[in-house]
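Please read it alongside the sequence and the model.

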Amino acid sequence: MCAAVKYSLRGPALIPRMKTRHRIYYVTLFSIVLLGLIATGVFQFWPHSIESSNDWSVEKRSIRDVPVVRLPADSPIPERGDLSCRMHTCFDVYRCGFNPKNKIKVYIYSLKKYVDDSGVPVSNTISREYNELLTAISDSDYYTDDINRACLFVPSIDVLNQNALRIKETAQALAQLSRWDRGTNHLLFNMLPGGPPDYNTALDVPRDRALLAGGGFSTWTYRQGYDVSIPVYSPLSAEVDLPERGPGPRQYFLLSSQTALHPEYREELDALQARHGPSVLVLEKCTNLSEGVPAVRKRCHRHQVFDYPQVLQEATFCMVLRGARLGQAVLSDVLRAGCVPVVIADSYILPFSEVLDWKRASVVVPEEKMSDVYSILQSIPQRQIEEMQRQISDIQVSLTINLNTEDSFCSFPLKLLLMRHPEIEEIQTLLFLVMPWNLEVKARWFWEAYFQSIKAIALATLQIINDRIYPYAASSYEEWNDPPTVKWGSVSNPLFLPLIPPQSQGFTAIVLTYDRVESLFRVITEVSKVPSLAKLLVVWNNQNKNPPEDSLWPKIRVPLKVVRTAENKLSNRFFPYDEIETEAVLAIDDDIIMLTSDELQFGYEVWREFPDRLVGYPGRLHLWDHEMNKWKYESEWTNEVSMVLTGAAFYHKYFNYLYTYKMPGDIKSWVDAHMNCEDIAMNFLVANVTGKAVIKVTPRKKFKCPECTAIDGLSLDQTHMVERSECINKFASVFGTMPLKVVEHRADPVLYKDDFPEKLKSFPNIGSL
Amino acid sequence: MQSWRRKALLLALSASWLLVLLGAFPLLRLAVPTRPRAGASQGWPRWLDAELLQSFSQPGELLEDAPELPQGPRGGSCDWGACFDASKCRGGGLKVFVYSAAGPVSETHRRILASIEGSRYHTSNAAEACLLLLPLTRDSSAGECSPVPPQWNGGRNHLVLSLHPAPCPRTFQLGQAIVAEASPTVDTFRHGFDVALPLLPEAHALRGGAPGQLRQHSPHPRVALLALAEERGGWHTAGTNFSACPWDGHCEQDHGPEQTHPGATLPNATFCLIPGHRPDASHFLQALQAGCIPVLLSPRWELPFSEVIDWTKAAIVTDKRLPLQVLAALQQMPLTRVLALRQQTQFLWDAYFSSVEKVIHTTLEIIQDRIFGASAHPSLLWNSPPGALLALSTFSTSPSDFPFYHVQQGSRPVGRFSALIWVGAPGKPPLKLIQAVAGSQHCAQILVLWSSEKPPPPRWPETAVPLTVSEGHRKVSDRFFPYNAISTDAILSLDAHSSLSTSEVDFAFVVWQSFPERMVGFLTWSHFWDEALGGWGYTAERANEFSMVLTSAAFYHRYYHTLFTHSLPEALRALADEAPTCVDVLMNFLVAAVTKLPPIKVPYRKQHQEARPPLAPEGRGPRPEPQPPVRNCINQMAAGFGHMPLVSSRLRLDPVLFKDSVSVLRKKYRSLEKP
């Protein structure tokens, strides 16, 4: 606008030079332009204010104002649930279509109030929890407001509690939903199924093919792989703030806190109490509470009054007995208190049992065995109990996060933690303000991840369904079950299968070269003498000079390929070239001619026995420098090794893929910029991903070559050592840990330096340092 | 001038048009009632009165559930708590009785019997058994199933096992019996009660079984991406171009590089598409053995052992209705995932499916896990090598107690060892050896197993570590008994006549800590295939490779004592007791069968080798020439295991500066180098 004004001010200076006719013409034109600009400016502001006021009226409505729908008495009723339904038969996957993000889209029907012919409401319009649940779905990535793009439909008809609704009319209400279509792809949430007298274990509302996320399924109503078993939400444990408590012995061994139990179970409990005395605590409803004290928050034993749910924290095991319904809200309370639930409810499908491993967090005892429960529990070793307690709650996670690099954040376990606990993202922002640090993040696991709120329940349910539809992108057992502490310390070796690759496969030698053609040719000639060499790949890293003509290359018995690179980078050595067809790769510098054929062949044999490790010749060591308080690189004659130089080293070609595409942080570009330490980076990478040490083969200590002492001279150079030490410190901070493993052994041929005829030895020519 | 003016005019006109348009849009937006914008979706409304909403259950309601007695099983369905009486199984764990056939014993029946007899589950007394196994076999007399067995009792605590599908019309109701059948349909399968078996081919190996076909971890770059199971058996390999190709097993013929091998039973591809019909389940095992990742298209049958095996780690169960999406997902699958899936197929094949014996033992182990409840195998033990059949939950349920999971768990074995010295017939206390071992900084205790006729001497040398003598061991296999007194993860197994120096012990132990699942020893044997005799042989001659280490001086994990005593068949242990050199072979077989890796050799001083005492009658050292009974031993072991598990190694682990030409003062294990 400012510019426009200036422009029109400058106008008159131009105008006098023109004829009057033209002047009028131009003045008109410019004023039109000016007017247009002003109009644009005004409207840019105006519509916004209109729209936002519009939003306001849409967003903030009262539940009492929702439209009323009258259901005729003869409107159709869906068929009863189809027990043979499976995802492959009753679910319409076409609706989910192709989705690059592998996330289903969920649509929520708008809220209506349903009344029958005579105007009597069918149910309470919506409960607090169901509103929370729909809000959570609506706020999640799954939500879509476009009914045509949706894969899953969630009715806004609240069926959480069957007792709060009229069955036939609710079913009619479901049937008239715009996309009902026999309930296909519809998801209902129910926590309290059944009603007196027989208490069915699944929602009685006829729902045809609709999926049911239900609390309290039994094996006969649960459609494995179709329905989702969810917990019965306990508003109580969400309200009450319990102090944290780590694993360890507790005052009571076994506790029962349920109040409404069948008399037979009550007798059993009393008998238990009588037999085992003070280690068992059986609580009952309080009879003589003073006014104003909520009965829900108190439990009594004889005349003693206990606070509930706090008392649960005093016990190692807590009973979760079936009531009229199989699913009990007390399970949630018990988990919250870090007490190991003892579930005594035959045929009960535990919450989220499709993905959660309840063996690790609970004890399931058959009802028949209830009288033996004490001895069954006693036979569980203490260590396992602590494991279970840790699984269900209150793990102290100490995360030492080095904030020099934001990439340590993206390291695997922490990312998972953040994925499971979005609320910690606040800490993430906090982390960037203060540094360095040592932060304790307290995470509660099973309960916190899947039980603590309606939101957690809703999202876990949707994720389970999502995993079924996009199985190739599903979360793994570990992601669902392992608390962050476990994830933090554990390593999953990508090459875990114990396998000795056949010798016939051979290896591919990769020579990185710039312009030392003569030396390169010598290396090629030497390496080609190794019996197991399958292919030779020369990586020509010089963009200013062409590689020698074909006729000049040495003639060797295996295929020789030259790859030209686009840029002179060290990381080109570790690129996963398509030309590499063998699993074993020998990275070798173009000046290493000292290694004998026997040494190389033996190196390959050793790699076959350790295909998941770096197998190299000269070993190096990292040390903690106590004075400087940092890592130091060591190339002296030590009794230990933790790295091998990749000037000549065997490794699996998968590590090339990792180096190129999965190297954490900026290490790769840092190495390319500094033209150094690519070998240390490789050592870090392999050790970090496999959790294993390198293998040094043969006594060789350095790649000494008589003509090119300058290279080794460089290695000995003091500044070089300082640089290498810096690399170690840099990498350790990016990895967030020191993955290198120190060992005291190296691999030699079985008969190395034994008193044995040399000509009978397989690898006689091994020796010089 | 003229043209300039015209240009200016045009410019101004177009500019004003532009402005008019810009201005008109907001005007239009004003005129048309605003619809919610697509980007910022409206979502579920924030209700003004959300605070006033009531909870779904009244505070009392959750507590005041009307008490009701549990109902019994409905509709003939069963679950574990209701239909199985686990009280009989307390104490001895799972004991299984197998009904003998009324008529002539069928081949399948014989195989089932053979795989249970001699195992830890077997009992020949039906009254003592907690599980009664009724094999349903096709080829029993008159095409009829076995009659109702005597202790049937409505099928309670019965396992009805049918290895091959649809054996015969059943003459009785299965009732409360657990049904273990091949690839059961999802509709009748009772989760947590029935057991799903794999669909085995008729000629499946009884023991051992064919190894997995995977020769390398990552797929070869030139291997086909997809293979498709065909209806008539065999596999159709599709190249990378499969767009037009066959989804339901029908393929057009004009695909150049693609080929059908009707005879080939094992596919050579990265992914194997298997249609969901039940007969196609037989392809599943083939894919598994071949290391081809099974992609199941809407299977109507339950995956084998799905109760304990996490199939998401080895196969992809997907929907056949979304072909393009599945193909796209397979093509884009990250290399890391492909690697993990491929390796898992091989592990599962080798651990649970490669032989009839493994399939049956897995079935029983699953049932035993249900009985054990909280002390069952954790999922990790089922789903990572070496598998639950070789990681006994009776030993521990904590993965870090086993030698196999340290890397996964980020844990380390306990940093000390127990020396176990076996004193044989001469009955001479090995004083020198005790001093050498006790001198090691890593030694926690010394246990002497006195097995001589002579009584042990009353006085033993003073040592820095506790020394315990226990008597009365006559059988050689006693030395591998899991004694409670062993308190460390590492065991150094020794003979009275072994001779070791402290620094040899120290170095070997440090090496063992890096390889806790393997045996680390000093003296080695190697096995070979003897063409002339058509059998296996082994030799103690020094050679360029080896496959066994002698247990007269070796480090290994204490778990192998439990495995040796509780998991090996009786017959093999009896064999070892008869021919004492055999016990070394047996232990090496056991560890190699578990790890699939060779043992590790560490340097041993020559003087010891020469100073070894002449062989006593029971001497356990190798004879100069293996004699027929010894040769027999290795062949009997191989028969007992069903295959030859030994793996050869060509390397020895030495200290980093071993025999290097540097000052001895720099070396940590300098006494290793004395001539």
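A polar contact is a pair of N or O atoms within 3.5 Å; within protein, one must be able to donate a hydrogen and the other to accept it. The model described here is predicted.

**Ser452(B)**
- The side chain of Ser452(B) reaches the backbone nitrogen of Lys454(B) at 3.2 Å.
- Ser452(B) lies in the loop between β13 (443-450) and β14 (467-471) of chain B.
- Ser452(B) counts as buried because its relative accessible area is 3%, and the cut-off for buried is under 20%.
- Beyond its neighbours within four places in sequence, Ser452(B) is in contact with residues including Val423(B), Pro426(B) and Arg474(B).
- Gly427(B) is 25 residues from Ser452(B) along the chain, yet their C-alpha atoms are separated by 5.2 Å.

**Interface of chain A and chain B**
- About 13,400 Å² is buried between the two chains, and carbon and sulfur atoms give 56% of that area.
- In chain A, the residues that lose the most area to chain B are Trp220(A), Tyr472(A) and Val750(A), together 6% of what that side buries.
- The interface holds 12 salt bridges; one of them joins Asp49(B) and Arg64(A), at 3.8 Å from N to O.
- Helix α2 (residues 20-59) of chain A gives the most to the side of chain A that touches chain B, with 17 residues.
- Strand β27 (residues 745-749) of chain A pairs antiparallel with strand β22 (residues 651-655) of chain B over five bridges, and Asp748(A) stands opposite Arg652(B).

**Sheet in chain A**
- Three parallel strands form an open sheet in the order β5-β6-β7, with β5 (187-190) and β7 (228-229) at the edges.
- Four bridges join β5(A) to β6 (residues 211-214), and Leu188(A) stands opposite Leu212(A).

Methods: Residues are numbered from 1 along each chain as its sequence is written. Chains are lettered from A and ligands numbered from 1 in the order in which they are written. This is a predicted model: local features need pLDDT of at least 70, side-chain atom pairs count only at pLDDT 80 or more; totals for chains, interfaces and linings use all residues. Side-chain values use heavy atoms; hydrogens and water are left out. Two strands pair if DSSP finds at least two bridges between them. Helices (H or I, at least four residues) and strands (E, at least two) are DSSP runs, numbered from the N terminus. Buried means under 20% relative accessible area, exposed over 50%, partly exposed in between (1.4 Å probe, protein chains only). Contact means heavy atoms within 4.5 Å. Buried area is the accessible area (1.4 Å probe) that two parts lose on being put together, summed over both. A salt bridge is a side-chain nitrogen of Lys or Arg within 4 Å of a carboxyl oxygen of Asp or Glu.
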